[in-house]
Amino acid sequence: MIYAIFAPLLLAIFVPMLSKIKDRIHTGIFVFFIPFVIFLYFVRYIGNDFQPVRETVNWIPSMGINFDFYLDGLSLLFVLLISGIGALVVLYSVFYLSKSEKLGSFYVYLLMFMAAMFGVVLSDNVFVLYTFWELTSISSFLLIGFWNFKERSRYGAQKSMLITVFGGLSMLGGFILLTIITGTTSIQGMIEQLDVILNSEYLFLILVFILLGAFTKSAQFPFHIWLPDAMEAPTPVSAYLHSATMVKAGIYLVARFSPIFSTYEWFFIIVSLVGIITLFWGSYMAVRQTDLKAILAFSTISQLGMIMAMLGFGTEAAVFAAMFHILNHATFKGSLFMITGIIDHETGTRDIRKLGGLMTFMPMTATLALFGTFSMAGVPLPFLNGFYSKELFFESALGLDSANFLGQVIPYIAVIASIFTFVYSMYYFFGVFTGPNHVEKLPKKPHEAPFGMLVSPIILILGVILIGLFPNMVNAPFIQHAAEAVNSGVEYHDVYFWHGWSSPAFIMSLIVLVVGTVLFITRKKWAGVYRILPGKNSFNKVYDALIEKVDTYSAGITNFYMTGSLRTYMVLILGTMFIVTTAFMLITNGFSIRFDDVAGISILEVSVVITIIIGAVATLFTRNNLAAILVVGIVGYGIALLFAIYRAPDIALTQLVVETISIALFLLCFYHLPKMKKREESVRTKTTNIIISVGFGLMMTLIGISAHSTNLFDSISDYFLETSYKLGGGDNVVNVILVDMRGLDTLFEIAVLGIAALAIIALIKFTSNKEAK
């Protein structure tokens, strides 16, 4: 499984090179084979006899963090959606994106996102899951803002990043608490310690933290506001991220942790309530939109709310219906996003007010849209998969405890929300493809899309039809296993179209059909209700005001200390270090002064120290640039001499090299700077300088003495002496410590030097180019 997860990242390395030949071969053709092959790899697991698969690859075993992958029915469902829809989206993008676009960047971002989603749904380790989770936020930010020359794209990318990262950090807090309580980082291990978690005093806090992560990622009310703005992304991104993958990451998270929280009453209350409100609000607001992608965005919010509500119900019927609808939603919503892209591509607009009568010009697209929208609306026809999962949703809502207030009200809200779902579905189809055409208002003369662009939505619509005609074809070998991973008590039962006229769920569907048709026909007459609810109120206004306040206060704080004065910066840095460190040492009784077991001091050592002190003090009174640098050098060379006296020749040599290079560089720089001159400072400034310098120096002296005088831990030197040869194979203990035992420290030190070198080279080249011009 690890190869499947990291294969997209490996290909991403070569995409920039492949994009150089995009004029001859579209880059998407190369990328298509990665998700397609991964889909073929995982599709072989589908079957009645499927059993979960585990795989572990060591990463940081000392901290209990490894690549622990777990493939069960739930993760298999998501993996196949990620790879299958991913392959279709890449194929679609080959015909949608022009070769003049930055294809290299686009496909690198897309592959990053794909790998991140694979990691999220396959990771059993909570911290590995969190790592991939945040990678989805970063890569989706890059994809949403791909057309960064558009202000709305930048705005949408920033909004999605801020909201989802906030949720991700909350989720991390929940993971940390779970790890502390259970002593394991494995999700399956946590499920095995169900009683420990349920009896924890932090249970409610853990639930809230994890649900915040899920709700923000899956655009649940009131965090749904980022999804409509994310529609500024290219249509392939919308079809992939916002219908089948990223927005369902939150759904996956709730489903994955349902075995832990499903018996907790607050889980049912919070998840069901948030889900049903999101279902209603998304469907209600979708009818108001005029942009086709905005209609689908609010539609996605609504559908995600329905799935979330069913997971909150937690019953066997509800869990099965949720898993079934995850699959169905991916098929009809993915196809509708692609159809919207085709309409925009071939007409030059997504404004439904300018569209109409396109069935004559785009009959194939219209046919595909008919199946997609009617399935989304839950129209009772036996070849539409959306109807089956909508019926199951009604059944699960009716199966709630009627003694509970939520159990009584949820079925009514479900019907009302479904009525609006029917209205916006009809609004989308009939508003675009029927009625009078407005060809003269369109930026482009409409015509049917090339067949290559139609292939992906055709395949998805075939999925809609086949699942509708043969729902049990996918239920037993596929959906059933996913439902069992969420609720082990789910029992398989056939899904069929006709339940009889007296079926409550079918009666609810008929009510939706009749009332929805009336509301659709009379839409313009009652549309004024939107001036009342939401009216001028909007969660977007709350978000914008919050961001504006954060910017204002941040700018005020920054301007307070960013004065351009080097002295001010040093006062703030040293003063803060002095106050915080001294206070902490006093509170913890950290200061300790002992002079026993102290080695003797020779005249040579005293002489070197006195020379260092003289050099440091002389620096303050030197008025010549070059002389000041040379006097500072006395301090550095004196320290190197102390290292040599204390039998650390390698450190002394390093200090000599660094000091020599530093002096040479300073001499080169200071030669071109103005001569130093005495500055007249106020008594207050001089007093502040004396207090900070003396206080900071005294603090460092006391810390040094306290470090020698306090033995809180056993010395590690014996460990280094005993194991350096055995572990590192070297006789030189210092070398083994630096290269092997502290290899990561050394690696990052080298990385810092490398970054600094690159920065210097960039500055030199920038200066050279500027002079050449």
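Student: In which helix does glycine 86 lie?

Tutor: This is a predicted model, in which local features need pLDDT of at least 70 and side-chain atom pairs count only at pLDDT 80 or more, while totals for chains, interfaces and linings use all residues. Residues are numbered from 1 along each chain as its sequence is written, and side-chain values use heavy atoms, with hydrogens and water left out. Helices (H or I, at least four residues) and strands (E, at least two) are DSSP runs, numbered from the N terminus. On that numbering, glycine 86 lies in residues 73-96, which is helix 3.

Student: Is glycine 86 buried or exposed?

Tutor: Buried means under 20% relative accessible area, exposed means over 50%, and partly exposed is in between (1.4 Å probe, protein chains only). The relative accessibility of glycine 86 is 1%, so glycine 86 counts as buried.

Student: Which residues does glycine 86 touch, not counting residues up to four places away in sequence?

Tutor: A contact means heavy atoms within 4.5 Å. With residues up to four places away in sequence set aside, glycine 86 touches Pro35, Leu81, Met114 and Tyr240.

Student: How many aromatic pairs are found in the whole structure?

Tutor: Rings of Phe, Tyr and Trp (its six-membered ring) pair if their centres lie within 6.5 Å; planes under 30 degrees apart count as stacked, over 60 as edge-to-face and the rest as tilted. With that rule, a search of the whole structure gives a count of 42.

Student: What kind of pair do phenylalanine 113 and tyrosine 240 form?

Tutor: The ring centres of phenylalanine 113 and tyrosine 240 are 5.7 Å apart and the planes are at 75°, so the pair is edge-to-face.
The pair links distant parts of the chain, with phenylalanine 113 in helix 4 (residues 103-122) and tyrosine 240 in helix 11 (residues 235-241), 127 residues apart. Both residues, phenylalanine 113 and tyrosine 240, are buried. The kind of pair is edge-to-face.

Student: What kind of pair do the rings of phenylalanine 387 and tyrosine 388 make?

Tutor: Phenylalanine 387 and tyrosine 388 are buried. Their ring centres lie 6.0 Å apart with planes at 65°, so the pair is edge-to-face.

Student: The charged end of which residue sits over the ring of tyrosine 41?

Tutor: A charge sits over a ring if NZ of Lys or CZ of Arg is within 6 Å of the ring centre and within 35 degrees of the ring normal. Here the charged end is 4.5 Å from the centre of the tyrosine 41 ring, and it belongs to arginine 44.

Student: Which residue meets aspartate 72 in a salt bridge?

Tutor: A salt bridge is a side-chain nitrogen of Lys or Arg within 4 Å of a carboxyl oxygen of Asp or Glu. The structure holds six salt bridges. In one of them, aspartate 72 meets arginine 256 (2.8 Å, N to O). The pair links distant parts of the chain, 184 residues apart: aspartate 72 is in the loop between strand 2 (65-71) and helix 3, and the partner in helix 12 (residues 249-261) is arginine 256.

Student: How many residues apart in sequence are the parts that aspartate 229 and arginine 152 tie together?

Tutor: Aspartate 229 forms a salt bridge with arginine 152, and the closest N and O atoms are 2.5 Å apart. Aspartate 229 lies in helix 10 (residues 226-229) and arginine 152 in helix 6 (residues 151-182), so the separation of the parts in sequence, in residues, is 77.

Student: Is arginine 152 buried or partly exposed?

Tutor: Aspartate 229, its salt-bridge partner, is buried, with a relative accessible area of 10%. Arginine 152 has a relative accessibility of 41%, so arginine 152 counts as partly exposed.

Student: Which residue forms the cis peptide bond with phenylalanine 221?

Tutor: Most peptide bonds are trans. The bond from phenylalanine 221 is cis, with omega near 5°. The second residue is found in the loop between helix 9 (203-217) and helix 10, and its name is proline 222.

Student: What is the phi of asparagine 589?

Tutor: Most residues other than glycine have a negative phi. Asparagine 589 is in the loop between helix 24 (566-587) and helix 25 (603-621), and its 68% relative accessibility counts as exposed. Although asparagine 589 is not a glycine, its phi is positive, at about 55°.
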